[in-house]
Amino acid sequence: MSTELGLAIRRKSATPASSTGIRRDTVEIAKVVDIDLCIGCKACEVACKEWNDLPAEETSNFGSYQSHPDLTASTWDLMRFKEVELGDGDIAWLIRKDSCLHCSDPGCLAACPAPGAIVQYTNGIVNFDQTKCIGCQYCVAGCPFDIPRFDQKTKKVYKCTLCVDRVSASLEPACVKSCPTGAIKFGGKAEMVNYAAGKVDKLKKRGFDHAMLYDPSGVGGLHMMYVVPRGDRLGDYGLPSDPQVPGTFFSALSVLRKLGSISVWGGLLATGIFYLRTGRRRPPPEDEAVAEAERLGHQAVADAERERHESALSGDGPGGAGPAANGPAANGPAGSGPAATGPGQPTGPEVER
Amino acid sequence: MASLAASFGRGAMTNHWRDFKNSDVILVIGANPAENHPCGWKWAHVGRDERGTQIIHVDPRFTRTSAIADVYAPIRAGADIAFFGGLINYVLQNKLYHEDYVKLHTNAAFIVASGYQFNDGLFSGYDEAKRTYDPATWDYERVAPTAPGAGGQPAGSSGGAEALGPAAGAPSGGTQSPVAGGTPAGGAAPAAPVAYAKTDPTLQDPRSVFQLMKAHYARYTPEKVSEITGMPVEKFTDIAKRFGATGTPDKVGNVVYAVGLTHHTTGVQIIRGIGLLQLLLGNVGRPGGGVNAERGHANIQGNTDNAVSWEIFPGYLAVPKPGMNTMADYMAKVPAKASAPNAVNYFGTNYKKFMVSMLKAWYGDAAQPDNDFRYSWLPKPGKNSSWLTIHDEARNGTLDGLFAAGMSGLNIGPDSKRMSDSMGKLKWLVVMDPLPTATSEFWRAPGVDPKKINTEVFFFPATHWIEKDGSFVNSGRWAQWKWKVLDAPGQVKDDNWILGQLFLRLKALYAKEGGTLPDPILNLKWDYAKPENPSLDEIAQEINGFDLATGKRVSSFATLKDDGTTSAGNWLYSGSYPPEGNLMQRRGTSDPTGLGYFHDWAWSWPANRRILYNRASADANGQPWDRTRPGIRWNGTAWVGDIPDFPATSPPAEGKGSFIMTGEGVARLFAPGALTSDGPFPEHYEPMESPVHNAMSKVQNDPAVFLYKDAKDTFAAVDSEFPYVATTYRVTEHEHYVTQNVPYLVEAMPDFFVELPVELAEKKGITNGGKVKVRSKRGEVIGIALVTKRMRPLKVAGKTVYQVGIPVHWHFAGGKDTDPAAGKFRTTPEMANILTPYVGDANVRTPEFKGFLVDVEKA
Amino acid sequence: MTRRDFFKASAAGGAAVAWGSFGFDLRPAYAETTQLKISRANEVRTVCPYCAVGCSMIAYRIGDNALNVKPTLVHIEGDPDSPVNGGTLCPKGASTMQLALAQNRELRPRVRRAGSTEWVDIEWDKALDELARHMKDSRDKKTVLKDAAGLEVNRNEGFGFVGGATITSEEGYLTAKFFRALGCVYLEQQARV
C-alpha cells in the first residue's frame, strides 16, 4: 500500500477527451470487502461520516439493526442487514457494506451531462465534483448499483469519494482504516484480486461452496469488490448478479468525438440519459427528457432513442437493464463476472433486520 | 473476579487480545465480542484465516458474533453451568482430558476430607436459616508435613517468582533464596503450620478431586444438558467434540466470556466451570488458551487492581474483617498457607511486604513498625458492602451521601425504580461526570416529583479522558499511558483536583475542629507538588513505589520489604515505573517470537508477563506442550519466552508448583474452604426467576444467595404471569449510556428496541417495527419490536421457552429528542434495568441482569 | 443550475463553446480533492475511553503554539503501531471526537437543592466548602470506632463512592486512598455490575 498514488484522470463526465494522456499510468487501486470478516459493526459507516464531516441524520429504528433504510446524500456508506433461513434450521445474518463500487465503466459518469462533474481517475476512483454538478440526477439513474443520492437542499448529488483526499496523500480510505477486523482491504487492484482468490479458496475449504469474488465484468470490474461467502445468495446481499452499463452511451460518445458539436453532444446526452433511465427501478422523468430533447430540435435522435426505449421495455426486466449486447462492457472477459444465479437487481428495500 | 482467583490465584483475563490468533478453537459464551470488543476480536479472525481457528458461539441470542461463527448454538439464559457441567462430563467420559497436564498442574490428585459431601443440590455445611454454608468440610485430607525444610512455611523462593524486571529479562539477585518469607522481621507470619494435603498421583482414590469431580458431573449427560439449556443434543455434542479436541498437547482452546456469564446469581460458579473445563483440557497458561474475561470499560481492570472496590486494597490485598485487630492477626488469617510441599505460594509468602509498603505509601512517616504501620486505621467492614448493599443502605436511610463518578446507578440498576427510591433517601449526592446522566437528573425523571425529593444533588463537571494523561489498563492487563490532548473547557476540573480540594478542606476542618478519628486524615501522605491537584505522573510513581532509603523508585515488587523501608501504593504495579522511566509509555513494536507478546509495548502486570500461569504451558521437563506455541521453556539455566510466571531460574527438576499464587502450588479443580460461598464444584441452579424447575436437584436457586429486604417479593415464580426469559446486553454502536451524547452513534442505532422471536410476536400480535411493552414484576418498558428469527424458541424440559432481548443503552436523559440541560427528557420508559431483579451472585453479589422473567404485549 | 437550465445551456453551447469542442478541460484536475484536513495537525497519542480492548488512538490537533488560537481537535483515528488494534477503531472509537467535543457538556458546577425543581449554578469554592462540611458531619457522626462486639473497626458508614471504570488508574488509586483514609467501606466500581 505504499505505492505512490496519483490522480491522473482517465475520463470526465460530458467531456469527450479521456485520459490526460502524457502522465504515466498510476496504479489502479481497489478495496475488497471480505464479507467473511465483516462483523457489521458500522465502524466504516461512522468513520466515513467523521472523516468527510457529514452531518448525523435523524434516524429511527424500523425493526432492524440497519441504521438507515437506504443510502442518503450524507450517508455514503451503509451496512445492510438481512436474515435468511438456510433450510437446515440454521439461519444466516447477511451483512453488507453498501457504498460506491467505483466501477471501471461507471454508469454514473456515462450518464452525467455536466462537464467534469464526475471524474474517473486512472487509479480507479470515481469522484463527484459538486461544484460542477447541475443536480439533474442522471447519474442516479445511470448507476447499476443505485448508489448516488440527491440532496434536496443543495440540489447536488453525493456519494463515496473513496476518500480521494486520503488516497492522494497515500493514506487508506477512512472506512478501510477503521474496519476493526480488517474486512475492508485496500491496495492495488491486482493485489486485492489476488487476496480475494486466496480467501475464496479458504472459504471453499470451510464449506462455503459458492464463495466468490464479486467483480462483475458488465461494469468493467470494480474498485470496491466483495468476497462473498454465500455467492449463491447475491440477491439476498442486494448485489445484482450481472450489472451492466449500457453501451449505447459510450458508442454515442465516440460518434460525438467525430461530430465535435456541443449541441449534438448535448442532445445525445439527453437521449442517452433518457435511455439509461428506463428500466431503472425509480420511475425516471423520461417523458420530460424526451420533451426536452424534442424541444431542442433533435427529433431524429429522440426518435431513435424512443425506439430503443421500447425495445428495452420489452427486455429482461430490471436486471438486464439494457440491450447489453450493444455495450462494449458486455464483451468483457468471460468468466470474471459472477454466475447469474440471482434474481438480478434488488427490487427495493426489503424488510431488513 | 473471585471465580478466577478461586481457580488460579488471580482474578484477571489469563491471556490477552492479540493472543486470540494462537487458538485452535475459540468458544465464545455469554459474550458478544464481534459487537462489544470488535478491535480485540479481530485476532480471532486472523487466527481463522492463518491457522484455521474454529469459532463457536453459544448465546441466548444469535448476534453479530454468531453471524461470523463457524458454529452457533442457542442456550437458555442462566443455564450455563449445565452446559459446562455437560462439557466437563463429556471430556471426562470420553477421556479427552490432557492427563499429563491435569496431573502436573492441577489439584486433581489431592484427596478431599471425608466430611465433604454433596447431596441433591446441597454441599455439606449448609445452614438453611442463615442461607449460608460453613465451608469447614470443604477441605483436603491433611497429613503432617514431611518435605525437607517444611515447617511453618514450605521451602520456597521468596522473590524469585516475581523478580524479573520487566525490561531486564534476567533474574535479579538472590532470587533463589531458600529462606521462606524473606526477612527475619517476619515476612511470614508466625502462623500455625498448615498440614499438607494428601495426594494420590494415580488419581484413582475415590476421594481424590479427580474422582469426586467425575462423579459430580456424571449427572450432566448430554440429554440432561439439553433438557436444561434448550440446546439440541446434537448441537451440544458437536460443540463438545470440537472443543474437547483441544485436550491434546498440540491443540489449544480458548474460552472467551463477558458479563453474559457473570451477571447471574451463579456467576462465579459459571466461571469456575470454565476453569475446570480449561484445566482438564490443559488449556490454561498456554498461548491460544486461557479463560478470557472481556472487560467492558476502559479502565475497569486498572481500577479493580487499584481497588475502587469494597473488599480489597490495591493489589488485591484483602480488606480486613472485624477481629483482625492487628497486623499479626491479619497476617495469620488472610494470606494463603502452603498446602503442598512444592508450592511457591508467592502471594501468601510475601503478603506482608506488600501490605506494609502500601501503608507506607498512604501514611508515610506516620507508619512505623512500632505502631503496626497504622494498620489499625484501616476500616474493617462488618458485612458485604458492595453495590447492592450500598444502595440498600441508602434505601434504608442509613447512608447520608454518595459520590457517583462516571457511573450512573439509575441506568445500571438493578430495579431502577428501587435505585431511584434509594437515591431519593440520600441527604446528598455528588455526580462527577463530563455530561449529564440519568443519575444526575434522577430527581426530575419522568414520573418523579422533584418537590418530594430532598436529596441535595451536586453536579461537578469533570474532565474527559482526552483532557488528561494517565493510564488505562485493558482487559489483557496492559497498562497503556495516554497523553493529554485538550485543555478542559469552561470550569471543568480533573477528578484529582476535586479530590485534592476536598482533602485539603477536610484536613483543615479536622485540624481546626477535631472530630472523630482525625488522625488518618491529618497523617495521610499527601505531599504532592500540587496538593490541590496531584499530578498523575506523581501518583504513577507512588503506585510503583520507592526504596525509602535511597529515594529511588523500585524496579520490581521483589525488592519490597516488610520493615517499612519501601513504599508501594500497589505492589502489583511495582516495576511499571522503575528508575529508567514510565514503562506504560512504551510503544515498541517488536514481536520476536511472533506469538504476539509485544513486551516493549506499554507494560502489563505482573512484571510485564503477557500470559498468566505460563509455567503450565510446559511439561514436567520444562518443554512446551506444543513446540509451535511455547509460552515459556527451560533452556537449561533459565525459563525463556514470555516473562516467566514462575521462579526464573528454578529448574524443572526442582518440581516447584506451577501456579505460584495458590497455596496448593497448582490450579484448583476443587476450590476448598472459603474461596467460594456456595460450593467447591460448580452446580447448576436456576436463576432467581426461571420458567422451569431445576432439573438437576430439588434446590431451585443457589442456596447461598443473599436476599435483600423486600426484594424477594419482587421476584416472579415458575409458571407465573411472567412466562418469558429476558436478558439484557449492549450493541456495538453504543457504550452504556454516555454514547447517547454522540450524534453519529445515535444515528447508527437510534432507538430503544426489544428483540423477540417471530413465533412469540405472532402469538401476541406484535409486528416488526411496531411497539412492544415488556413487563416484569418490577416495572415496564416500551420499545420498538425487532421481530427476528435470530431469537429462537427453545425446548426446555418439554416446554417451549421464548427469550426476549433488551439492550441497555437508552434512558430519558440523553439521545434523540432530549436536552438534559433544559430538562427536556423522553417520557417513554426505556431503561432496561427497570425490569431487572434486585439480587446478586452468591459470592460477589453481581446482579442477575442476564436472566429474569417478563411478559410482553403489543403497545 | 437545474436540469432544465442545462438543456438550455447545452443548446446555447452549440454556438459558443467555452472550452472547445474536442479539447481537454485544462482547469485543475484536482478541484475535487479537498485538502487533507490533518496535513498540518500535530499528533497526540491517546487510548480509547470506551471498552477494555484498549485501542490506541491518535488525536490530530491543530493550532499548537499559535498566538491567540486555541488548539483544536480535528480528527481521531486508530494508532497503526498498536499490537492491540493495529490502527482500527469500532464505530464508538471512530466517533470519539464527537464525545470529546460533546455539545451538551456541562461547563459549570451546579447544585440542585433539596425539594427544588431546578439546577442552580454554584461557585466551585462554595460547592466544595459545602460538600466538605457534609462529609465531615457525616463522618463524625457515622464513623464506628468499635462494633457491637467491641472490636476496633474504625469504619465510616456515612457515605460512599461509586465509579472509577472510566477514570485512569492513577485517579482510581488516589480515590481509593482518599476514601479509605476517610474510613469508607462503601467503595465500588463498575467491575461489580
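Into which domains is chain B divided? In this predicted model, chain B is divided into domain 1 (1-296 + 321-347 + 593-684), domain 2 (307-320 + 348-380 + 535-584), domain 3 (387-522) and domain 4 (711-858). Chain B is in contact with chain A and with chain C.

**Domains 1 and 4 of chain B**

- The centres of domain 1 of chain B and domain 4 of chain B, taken over C-alpha atoms, are separated by 34 Å.
- The two domains are in contact, with 26 residues from domain 1 of chain B and 29 residues from domain 4 of chain B.
- On the side of domain 1 of chain B that touches domain 4 of chain B, at least two residues come from each of α2 (33-36), α10 (259-262) and α11 (267-280) of chain B.
- That side of domain 1 of chain B consists of 7 nonpolar, 13 polar and 6 charged residues.

- Chain A contains 11 helices and 11 strands.
- Chain A has 353 residues, of which 58% count as buried.
- Among the contacts in chain A with a separation of 6 or more, 68% are between residues 24 or more positions apart.
- Where chain A meets chain B, 29 residues of chain A are in contact with 32 residues of chain B.
- α1 (43-52), β3 (78-85) and β4 (91-98) of chain A each contribute at least two residues to the side of chain A that touches chain B.
- The largest share of this side, 5 residues, is supplied by α1(A).
- By class, the side of chain A that touches chain B has 12 nonpolar, 8 polar and 9 charged residues.

- Helix α18 (residues 495-513) of chain B gives the most to the side of chain B that touches chain C, namely 9 residues.
- The side of chain B that touches chain C comprises 72 nonpolar, 44 polar and 16 charged residues.
- Strands also pair across the two chains: strand β14 (residues 401-405) of chain B and strand β8 (residues 159-163) of chain C run in the parallel sense, with 5 bridges.
- Within this pairing, B:Gly401 has C:Phe159 in β8(C) as its bridge partner.

**Strand β16 of chain B**

- Strand β16 (residues 456-461) of chain B is mostly covered, and 6 of its 6 residues are buried.
- In a regular strand, side chains alternate between the two faces of the sheet.
- Both faces of β16(B) are covered: B:Glu456, B:Phe458 and B:Phe460 are buried on one side, and B:Val457, B:Phe459 and B:Pro461 are buried on the other.
- Within chain B, β16(B) pairs with strand β15 (residues 428-433) in the parallel sense over 6 bridges. In this pairing, B:Trp428 stands opposite B:Glu456.
- β16(B) is also joined to strand β4 (residues 110-112) of chain C by 3 bridges, and these two strands run antiparallel. Here the bridge partner of B:Val457 is C:Arg112.

**A sheet in chain C**

- Chain C contains an open sheet of 3 strands in the order β1-β2-β3, with antiparallel pairing.
- β1 (42-47) and β3 (72-78) of chain C stand at the edges; each has a single partner strand, so one side of each is left without a neighbour in the sheet.
- On average, neighbouring strands of this sheet are turned by 30° against each other, direction ignored.
- Strand β2 (residues 56-62) of chain C is joined to β3(C) by 6 bridges, and the two run antiparallel.
- C:Arg61 stands opposite C:Leu73 in β3(C).

**The loop residue B:Val718**

- B:Val718 lies in the loop between β24 (639-641) and β25 (724-729) of chain B.
- Not counting residues up to four places away in sequence, B:Val718 touches B:Ser690, B:Pro691, B:Val692 and B:His693.
- B:Val718 and B:Ser416 are 302 residues apart along the chain, and their C-alpha atoms are separated by 23 Å.

Technical notes: Residues are numbered from 1 along each chain as its sequence is written. Chains are lettered from A and ligands numbered from 1 in the order in which they are written. This is a predicted model: local features need pLDDT of at least 70, side-chain atom pairs count only at pLDDT 80 or more; totals for chains, interfaces and linings use all residues. Two residues are in contact if their C-beta atoms, placed from the backbone, lie within 7 Å. Helices (H or I, at least four residues) and strands (E, at least two) are DSSP runs, numbered from the N terminus. Ala, Val, Leu, Ile, Met, Phe, Trp, Tyr, Cys and Pro count as nonpolar, Asp, Glu, Lys and Arg as charged, and the others, Gly among them, as polar. Two strands pair if DSSP finds at least two bridges between them. Axes are lines fitted to C-alpha atoms, for helices over the stretch in contact, and angles run from 0 to 180 degrees between N-to-C directions. Domain bounds come from an automatic or database domain assignment. A residue is buried if 20 or more other C-beta atoms lie within 10 Å of its own, exposed if 12 or fewer, and partly exposed in between; C-beta atoms are placed from the backbone.
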